[in-house]
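Here is a short note on aromatic contacts. Please keep the coordinates open while reading.

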Amino acid sequence: MEMLCFPTARFSPHHPIRPQPLCGRVTVLSVRCAQVATAPMGEKTQYKDGFFEKAFMGLFSRKMQNYASGGIKTNRQLWEWDYDSFVDVSRRVMMGRSRQQQQEVVREVLLSMLPPGAPAQFRKLFPPTKWAAEFNAALTVPFFHWLVGPSEVIEVEVDGMKQRSGVHIKKCRYLENSGCVGMCVNMCKIPTQDFFTNEFGLPLTMNPNFEDMSCDMLYGQAPPPFEEDPVSKQPCFANICSLANSSTPVCHKLYN
């Protein structure tokens with residue numbers, strides 16, 4: 001559980017944050033996080049988003065709004081957005097697009113958030129090593145809590161090697177708020193995997209658990225082809241998804 005994150009106090013308040021060495025080789029920023037209790041399956045976790053959380057929601061929402069179908073574009077300020085609005089924009093991006101087109105929109109949005117040449121620079125700074133995988137896992141917990149909710153770094157095995165390059169998302173905020181398998185897979189899992197693997201050159205696999213809405217992110221592990229991924233056979237959340245189709249054994253948004 002976590003929500004608000006602050007650097008641990010190993011530095012003077014008058015000096016900038018200094019990264020702390022881990023195991024003599026890996027350098028990460030130590031983070032202490034306030035806790036938020038995730039809601040049981042079938043209920044939504046209650047968050048108290050602050051200025052910066054809403055600013056991130058607004059930044060992503062305004063970028064995605066350019067691709068959204070229906071509705072009217074708004075000129076609201078970044079901090080005037082909330083998570084429901086962010087999910088609504090995501091849902092409208094899905095409308096009238098194939099899964100490949102949805103994934104391409106997310107890729108374009110992610111690229112638009114970065115300065116020119118950022119992917120190439122990332123590849124130089126973070127080659128696909130154990131250190132890079134562990135470092136990015138450590139950064140994911142504090143910097144993406146606004147998007148996915150409480151998470152923690154865990155030890156995983158990648159290519160026979162144990163390393164702390166896994167992130168366990170306790171109950172994904174995006175999945176529990178959308179209630180949609182298709183949005184989870186097409187607007188989050190696949191494009192995020194592809195972005196890190198193909199744009200940044202750092203393999204990433206995301207394994208959502210549709211029984212409890214948790215998710216494991218494995219930095220350093222190459223994702224499987226979609227046809228071999230268990231999510232490709234996942235049915236809709238028939239009782240909670242507004243886009244659900246109970247007549248098909250597999251979520252129809254995964255194949256159209």
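The points below cover ring pairs and charges over rings.

1. Basis. This is a predicted model, where local features need pLDDT of at least 70, side-chain atom pairs count only at pLDDT 80 or more, and totals for chains, interfaces and linings use all residues. Residues are numbered from 1 along each chain as its sequence is written, and side-chain values use heavy atoms, without hydrogens and water.

2. Ring pairs. The structure holds 17 aromatic pairs. Rings of Phe, Tyr and Trp (its six-membered ring) pair if their centres lie within 6.5 Å; planes under 30 degrees apart are stacked, over 60 edge-to-face, the rest tilted.

3. F86 and W146. The ring centres are 5.8 Å apart and the planes meet at 65°, so this pair is edge-to-face. F86 sits in helix α2 (residues 83-94) and W146 in helix α6 (residues 145-148), 60 residues apart. Helices here are DSSP runs of H or I, at least four residues; strands are runs of E, at least two; both are numbered from the N terminus. F86 and W146 are both buried (under 20% relative accessible area; exposed is over 50%, partly exposed in between; 1.4 Å probe, protein chains only).

4. F122 and F200. This pair is stacked, at 4.0 Å centre to centre and 15° between the planes. F122 belongs to helix α4 (residues 118-125), F200 to the loop between α8 (181-199) and β7 (204-209), so the pair ties together parts 78 residues apart in sequence. F122 is buried at 11% relative accessibility; F200 is buried at 10%.

5. Cluster. Ring pairs join F122, F126, W131, F135, F195, F196, F200 and Y219.

6. R173. Its charged end sits over the ring of Y47, 4.0 Å from the centre. R173 also lies over the face of Y83, 4.1 Å from the ring centre. The criterion: NZ of Lys or CZ of Arg within 6 Å of the ring centre and within 35 degrees of the ring normal.
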